[in-house]
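Subject: Structure for your review

Dear colleague,

Please find the structure below, handed over for your own work.

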Amino acid sequence: MNSMIRKMVFLFALLLAGDVLAGWPAGALVIANRGVKEDHISVKTLKDLYTGRTSYWEGGEHVVIAVLADKTDEALSQVSGMDASQFRTFWQRLVFSGRGQEPKEAPDIATLVRVVAATRGAISLAPPDAPLQGVKVLNVE
Amino acid sequence: MHAYRFVALRCWKRMAGTLKPSILPYGGFLAVLVVASLAMFDADRTNAADWYPAGTSSPDVEFHGFASQGFLYSSQYNYLGKSSKGSFKFTEMGLNASFDPFPRTRIMVGGFADDVGEAGKYDAVLDYALAEYTISDYFGIRAGRIRRPDGIYNDIQDVDLGRTFVLLPQGIYDARYRDFNVSLDGGEFFGTLPLQQAGSLSYELYGGLMRPSLDGGVGLQLRNSLPSNAHLDTIDPMKIFGDQLWWNSPIDGLRLGASVGYISGFDYSAVIPTPVGPLHLSDPSDILLQTYSAEYLWKNWTLQSECIFTDTLTKTLGTPDVRQFSWYAAGAFRINKWLEVGSYYTEYYSNAHSPGIIPSDGFQKDAAISLRFDLTNRWIFKVEGHLIHGTGLLQDNVDNPVRHDNGWLMIAVKSTISF
């Protein structure tokens, strides 16, 4: 009985670990403003940022999320657990209840990178071929 | 959150109330025009409106706003205004600003005005004004005027952007009573505690004072329950303490919530002139609120269900306590980036212990279907139909003198612009 329970717990943990690992979209880059002190970020922390549970970097700077407007992005969906519409609604609820600030939206990748480069505390997901002038890439753990 | 209705039930025989004319019947259209102009001005910027008060080296101030204009039509009763003839008295608008002056510190201010039926009357209110300090993900503090967390929608029930439906289930989120439900002057502790493989637990513990407006839904209903020659002088500020807990499960998109709130000292003061002198009325009570919630976001689906128990604990001898109960189940599906369809079924019971004098006033059941069109990122349009049984939520006996338990329809249309 105990061994059966141990196997079930191990299998459950494996499934959850798999779920966490599956949450990281292959190939996508995590880019951030160069003022962000962190060089690494875990998948869990990334999810906490995109769901508003973590609002500040370690140094106390406000986290500013930048996203592509109107795009059902696979990377965003996997990191946040929400599609583009749910993600926008989620953050609008926080903004208009006095509990958060809306992510910045950009119409295209080049503008998205410029927004991240120009905004203190900004973070975003970008395709591997995105131009990376002015931003840093965070290693995903 | 309809605890004040115990007054209406006890004063049911006194059919009274006068309705004050609206000052700005077309204010909603003006507000939509203003916000539309701002939205168009901002159309090719990233989003919102940013202001750098001292150059780009200073923290920027972010502005957001919205304006909503709706239309209601009821096939039989005047619900949420004089809707039996069609009513445009369904306007909401808000404007807020926020900035981060220091590390881990945020200041946010929001103003709001609405006109829903005879409640609101476009009275501009300070919706929230708070300072927030986040020590860590586990612990933070907000103080000032804050929006009260209670269930999925209480703190954003007047924000049309934040949901599929025009009308939220009214037994839990009555559009007329935002002044009673939404804000409090005080503070809260908040944070999220990790539970390792069990997900996380988000909490908000709050306390402060609630200050319902004389022109809000509570004031309206108190006047409707009093004799026509009565004058409602004050609604006393009342203390409230409570919490909202959310278990964020390890299953992506699934969360369960529980909220408890205790209101101490609900009371009002009214005067009825009589031949022998003025008669002063008051009716103190305490109120216990319990809300239980479930939400699951799965791919394009949003599934939600909630129930609320509202117990009014009267302090007047010989007056029984009153329990009200409501629940709903809702689902919404995003078909594509511009169209979402949703539906819900809800029930409301005005007194679980004893029925009202008119049987249909003891309950209201509502099946709704809704279409939400996201015309642009900043402009949405909704159309919705309701099939309703019961009259428990009408709360306007003067405009609905004859009420019975037959089915009736309601159509709701609403457009919102935001930036």
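Strand 1 and strand 6 of chain A run antiparallel and are joined by 4 bridges; one of these pairs A:Ala32 with A:Lys136 in strand 6. Helices (H or I, at least four residues) and strands (E, at least two) are DSSP runs, numbered from the N terminus, and two strands pair if DSSP finds at least two bridges between them. This is a predicted model, in which local features need pLDDT of at least 70 and side-chain atom pairs count only at pLDDT 80 or more, while totals for chains, interfaces and linings use all residues. Residues are numbered from 1 along each chain as its sequence is written, and chains are lettered from A and ligands numbered from 1 in the order in which they are written.

The pair belongs to an open sheet of 6 strands in chain A, with the order 2-6-1-5-3-4 and mixed pairing. Strand 2 (40-41) and strand 4 of chain A stand at the edges with a single partner strand each, so one side of each is left without a neighbour in the sheet. Overall, chain A has 5 helices and 6 strands, following the pattern α-β-β-α-β-α-α-β-α-β-β along the sequence.

Helix 5 of chain A lies across strand 1, strand 3, strand 4, strand 5 and strand 6 of that chain, and runs at about 155 degrees to strand 5. Here axes are lines fitted to C-alpha atoms, for helices over the stretch in contact, and angles run from 0 to 180 degrees between N-to-C directions. The buried residues of helix 5 (residues 109-118) of chain A are A:Leu112, A:Val113, A:Val115 and A:Val116. They cover an arc of only 160 degrees around the axis, which puts them on the same side of helix 5 of chain A; the arc is that of the directions from the helix axis to the C-beta atoms. A residue is buried if 20 or more other C-beta atoms lie within 10 Å of its own, exposed if 12 or fewer, and partly exposed in between, with C-beta atoms placed from the backbone. Of the 141 residues in chain A, 41% are buried.

A:Ala66 lies in strand 3 (residues 64-68) of chain A and is buried, with 26 other C-beta atoms within 10 Å. Leaving aside residues up to four places away in sequence, A:Ala66 touches several residues, among them A:Leu112, A:Val115 and A:Val116. Two residues are in contact if their C-beta atoms, placed from the backbone, lie within 7 Å. Among the contacts in chain A with a separation of 6 or more, 62% are between residues 24 or more positions apart.

Turning to the interface, 31 residues of chain A are in contact with 37 residues of chain B. The largest share of the chain A side, 7 residues, comes from helix 4 of chain A. That side divides into 9 nonpolar, 13 polar and 9 charged residues, where Ala, Val, Leu, Ile, Met, Phe, Trp, Tyr, Cys and Pro count as nonpolar, Asp, Glu, Lys and Arg as charged, and the others, Gly among them, as polar.

In chain B, strand 4 (residues 105-116) and strand 5 (residues 125-136) run antiparallel and are joined by 8 bridges. A hairpin joins strand 5 to strand 6 of chain B through 2 residues, and B:Ser136 stands opposite B:Phe139 in strand 6 of chain B.

Yours sincerely
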